[in-house]
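Dear colleague,

I am passing this structure on to you, and I would be glad if you could look through it before reading my notes below.

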Amino acid sequence: MAKSLKNLLIVESPAKAKTIEKILGGDFEVKSCYGHIRDLEKNDMGIDINNHFAPRYIVPEEKEKVVKELKSLAKKSGEVWLATDEDREGEAISWHLCEVLGLNPADTKRIVFHEITKPAIRAAVEQPRTLDMNLVNAQQARRILDRIVGFELSPVLWRKMSMRNNLSAGRVQSVAVRLIAEREREINAFKSIGTFKVEALFAAKDISGKPVNFKAEGSRYPAAQDAENFLQSCIGAIYSVKDIQVKPGRKSPAAPFTTSTLQQEASRKMGYSVSRTMMLAQKLYENGHITYMRTDSVNLSEVAVKDISEKISVQYGKEYLQNRKFKNKNESAQEAHEAIRPTSMDTLQVEDTDCRKLYELIWKRTIASQMADAELEKTTAKIGISTNKEELTAHGEVLKFEGFLKVYREDRDEEDIEEEAAEGVLPPLAVGQQPEFKEMKAVERFSRPAPRFTEASLVKKLEELGIGRPSTYAPTISTILKRGYVEKRDKEGVKRDFRILVLKSDKITKLTEQETTGAEKSKLFPTDLGLVVTDFLKQYFENIMDYGFTARIEGEFDEVAQGKMKWNKMLEDFYTPFKQEVNKTIETAERIKGERELGVDSSTGKPVVARMGRYGPMVQIGSTEDEEKPRFAKLKATQSIETISLEEALDLFRLPRNLGKFEDADVSVSIGRFGPYLAHDKKFYSLPKEFDPYQVTLDEATPIIVEKRKAKEERTIKIFEKEKIQVLRGPYGPYLKQGLRNYKLSKEQQERAADLTPEEALKTIEELKANPPRKTARKKKA
């Protein structure tokens, strides 16, 4: 009897393949296509605009081997099944597999599942469907439209900016940079206003008769004199409780995680970047621990709710159970899709140490979503002042029943947190009671601008504006960082004085204290390049940079996915006016200067300008039209064209600085194209990042020179002075260096590196120059 052929099931990633193969057993061979197997041609956009935007796809060189193997396996298999991810991108990958492997999309079996568990995979195999071409077309429309925008806009930037030709623009990315740029300008333009907040400290006895302190707040006053006048009016006052209000309060749990809320909470609680969160979530999904991690649905399946409910009842008690159905904020979120949740609530933690924290976060958020409200008792006491008509207010809060707070408490973003007093427990108070007055303070507090975006708060903002979808947030942020339009960094705070007025024992004392303000960690800052490009695109491509327009395009992709709109008609409606804008801009727009006049250098009388140069932001003294060449200095990493002052700009010209003599030769520090460096005895040594070239001393510089010289000597095998070639040791064995370029030696040459001749070294370099080794591209995972 002939042996029946195995079915071939294709997924995106090897980890997913491995998990599914264990579930399906001998009937299926599960293979990975390593993500996308085709993409648009690079040449001439890869789109036939005049033929209804017909795309021209090719299999990239690095995917040829994978495709060849899949074709071979498909011929030998009984039937080919496609099990790529359940979203539009996954559907598109399945369609590309059909095209490449010669399968008919109308009858090829396609299975989808929210989780990689035995019941889910078995159920999917029992109910296969065919390809959903609406989803494919929605993804194809996004890919084509984004290629058009990038392909058309990037050359406009090359022509209009005197910079290196690797500038590029993208549809969602450009809008994301605009958000960051506008927030930065809001912060720079913000004028902080000081007010004086009144707070009194009292004491009263608790139920055991022990005196405890509590605080009561008063009004805010715009000026120190107003606050002082109020404190004056309180001298000799008697304070008595005028009114007490006790009200019940409730707190409800947050919905289970969507992609964006998981990214936000992992950032707030654990400091994870958006890309790290998605990498770990993908790992958890592929190993069968959580449901699919790219979703904008907060829905939980009936089976999941039952599993969660049982866990709550057993682990916490039935009084902690309260089943809820959360409503999706996003209208396009499909009820069939699920929130991100554990596949089994019995799995309390996972073995993988990298994934453990994220899994525990998902587990807690999921179980909390079906738990009872936390019950509170809120007390508000009004305290009258006998010497004036003002009142002070004391707040207290008692947790009567923990509910979901027993498991999980959601964090908040910086911008959502108002300056608020921690509400503790108030001692028992009664109307007419006169608590003991300790002191009253009026503390100067300053208004703050909206904080800069973190990766997670940017995702939140994009989602609020309807820009992007779960699969696009992480790539958008990665792209704007990679292109140098935005950078993620910390900002040191600055010291600021603030005033305090204290009323104690009927005397007013005035104090001045210091606080640190403006410190930020892992925030997104626009670079000067990002600001200049944003201004240009806003001026000439209003629609592309408009939040509403970008959100509308996302809505049209959703309509294509639902079969309500033809994908090429949508593209045609977009392309015609967009192409007109491109042509008009190329013809009429001025070149981008990206410069700001700072003033005049008093020593030379020449103008000082901050501007974008070929290698980034810089300051220039003098003009190219002057007889004497202009002088240039690179801005520090923390400086910007928009905010640098004349004084700060002139300070940059202190380089090169002579630090003094070492071994009878001058040591100087300067900044070059590749950053700060030390110069000594005609040799150059890069200055480590922790040293400021404007502050570094000779005592700090000499050990750096000695250490780097020693390291170089240890690396040096031999030097051919005449040919200016060095034979050096590297992490992968000996290699050649001539000028700034490195050249690889063969294994045989590496073994006898100490015996190489100048002729042989020159010949090797010439051969490598004539036939440079091809770079092998890494395989992209799904």
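Which element gives the largest share of the lining of the largest cavity? That share, four residues, comes from α14. This is a predicted model, in which local features need pLDDT of at least 70 and side-chain atom pairs count only at pLDDT 80 or more, while totals for chains, interfaces and linings use all residues. Residues are numbered from 1 along each chain as its sequence is written, and side-chain values use heavy atoms, with hydrogens and water left out.

**The cavities**

Searching the whole structure gives two cavities of 30 Å³ or more; a cavity is a set of points, on a 1 Å grid over the protein atoms alone, where a 1.4 Å probe fits but cannot get out. The largest cavity holds about 50 Å³ of space, a volume being the space filled by probe spheres set on the points. Its lining residues, which have an atom within 4 Å of a point, include Ser 168, Tyr 485, Gly 530 and Met 545. Two or more residues of this lining come from each of α6 (171-189) and α14 (528-540), where helices are DSSP runs (H or I, at least four residues) numbered from the N terminus.

**Two helices in contact**

Helix α2 (residues 64-76) packs against helix α3 (residues 88-101) at an angle of about 70°, with their axes 10 Å apart; axes are lines fitted to C-alpha atoms over the stretch in contact, and angles run from 0 to 180 degrees between N-to-C directions. Therefore α2 is roughly perpendicular to α3, a label for angles of 65 to 115 degrees. Val 67, Leu 70 and Lys 71 of α2 meet Leu 97, Val 100 and Leu 101 of α3, contact meaning heavy atoms within 4.5 Å.

With best wishes

How values were computed:
Angles under 35 degrees count as roughly parallel, over 145 as roughly antiparallel, 65 to 115 as roughly perpendicular and the rest as oblique. On a 1 Å grid over the protein atoms alone, a cavity is a set of points where a 1.4 Å probe fits but cannot get out, and a pocket is an open set with protein on both sides within 12 Å along at least five of seven lines; lining residues have an atom within 4 Å of a point.
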